[in-house]
Amino acid sequence: MKARAILAAACLLLAWQAGPARADSGAVPLPQESAVLGNDVSWPQCGGQLPAPPAFAVVGVNGGRPTTANPCLAEQLAWADRSSEAAAGVPSAIYVNTASTGPVGSLWWPGNNSVMGADIANPYGMCDGTASPACAYVHGYAMAYNDAGSLAGAGGGAAHRTWWLDVETGNSWLSNKAANTAELEGMTAYLQGAGVEVGIYSTGYQFGEIVGDVGPHSNLYSLMSWLAGAESTSSAADLCGAAPLTSGGVVALTQFTAGNLDYNFRCPVAQPVAPPPALAPPAAPEPAPAPAKTRSNRYAEIPAAQIA
């Protein structure tokens with residue numbers, strides 16, 4: 001997607017559909033045929049024809065927000081794993097939606113530090129059910145746990161894949177940037193504990209509005225950046241020179257749209273990550289019962305991790 005202006009706080013709770021694969025349909029210069037580009041796809045491409053497998057690919061796990069599932073995940077992973085990089089031994093990457101709602105409405109929010117019956121180490125102390133950094137950390141940890149289960153259910157193991165956290169103002173966020181930071185730190189802690197590479201997708205403006213500056217004490221500090229907002233292959237290459245989202249990271253990918261697809265340019269400083277030694281992934285959640293209804297027939301709801 002292209003960079004979008006920050007939404008009013010009252011609208012954030014309603015604007016759930018966001019993600020790298022939501023390409024605009026406006027007139028955008030077509031990518032240069034000689035450029036080595038990748039694509040990212042997700043639920044908006046369900047039912048449509050995907051392009052020939054590109055140099056590299058990124059697939060969205062969710063349906064636009066954290067507690068939803070991309071119904072075409074298995075099919076799109078199979079397509080992505082035919083990319084040139086995947087054929088060379090570097091599995092295709094994935095991205096997951098992020099948000100931090102706090103204890104509002106019918107949305108799940110933690111009341112303690114336990115996820116699926118197990119207590120987690122929380123650098124912010126004990127979660128008490130409020131919209132605090134401590135509870136946001138647990139919420140993020142549980143959302144990543146769910147995403148790992150969704151990926152496993154689609155036959156795409158988490159091992160060796162790079163995971164991108166999609167951070168956009170189109171999803172719901174708290175007014176407390178420290179809590180929003182803790183949300184992403186909780187997700188990162190779970191994923192790094194599973195032995196996978198983690199990065200952040202956003203624009204500098206959106207990340208600044210949601211999170212702000214990140215210090216070296218945070219596990220977000222050294223994460224790679226995937227920057228949206230370019231308009232062509234050449235401007236995507238230029239965007240590689242922009243500041244990373246966090247001071248300790250590097251800009252690894254940049255993105256632009258052409259037609260109904262998102263295209264990604266791999267920045268020269270970021271080489272494909274070789275598969276790390278195999279690690280035993282965390283146990284996937286038990287399959288959840290089918291929900292009574294969904295928000296849209298384009299994606300499916302999945303429940304949040306239950307808190308003991």
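Predicted model: local features only at pLDDT ≥ 70, side-chain atom pairs only at ≥ 80, totals over all residues.

Reader: How do you know that the length of α4 agrees with what a helix should span?

Author: Happy to show you. At 1.5 Å a residue, the 21 residues of α4 should span 30 Å. The C-alpha atoms at its ends are 30 Å apart, so the two values agree.

Reader: What makes α4 "mostly covered"?

Author: The count does: of its 21 residues, 17 are buried, and buried stands for under 20% relative accessible area.

Reader: Why is the contact of Arg161 with Asp81 called a salt bridge?

Author: The cut-off is 4 Å between a side-chain nitrogen of Lys or Arg and a carboxyl oxygen of Asp or Glu. In this pair the closest N and O atoms are 3.0 Å apart, so the contact qualifies. Arg161 sits in the loop between α4 and β7, and Asp81 in the loop between α2 and α3, so the bridge ties together parts that are 80 residues apart in sequence.

Reader: Which of these two is buried, and which partly exposed?

Author: Arg161 has a relative accessible area of 6%, so it is buried. Asp81 has 32% and is therefore partly exposed, since that class lies between 20% and 50%.

Reader: How many salt bridges are there in the whole structure?

Author: The search finds two. In the other pair, Arg266 bonds with Glu85, and the closest N and O atoms are 2.9 Å apart. Arg266 belongs to strand β11 and Glu85 to helix α3, so parts 181 residues apart in sequence are tied together. With 24% relative accessibility Arg266 counts as partly exposed, whereas Glu85, with 17%, counts as buried.

Reader: How do you know that the buried residues of α2 are on the same side?

Author: The buried residues are Leu73, Gln76, Leu77, Trp79 and Ala80. They cover an arc of only 160° around the axis, which means they share one side of α2. Among the elements that cover them are β1, β2 and α4.

Reader: And in what order do the strands of the barrel close?

Author: Eight strands close into it in the order β1-β2-β4-β7-β8-β9-β10-β11, with mixed pairing. From one strand to the next, the twist averages 25°. β8 and β9 run parallel and are joined by four bridges, and Ile200 stands opposite Ser225 in β9.

Notes: Residues numbered from 1 in each chain as written. Heavy atoms only, no water. Helix = DSSP H or I, 4+ residues; strand = E, 2+ residues; numbered from the N terminus. Buried < 20%, exposed > 50% of the residue type's maximum accessible area, 1.4 Å probe, protein only. Arc of directions from axis to C-beta. Contact = heavy atoms within 4.5 Å. Expected span 1.5 Å × (residues − 1). Pairing = 2+ DSSP bridges. Axes fitted to C-alpha atoms, helices over the stretch in contact; angles between N-to-C directions.
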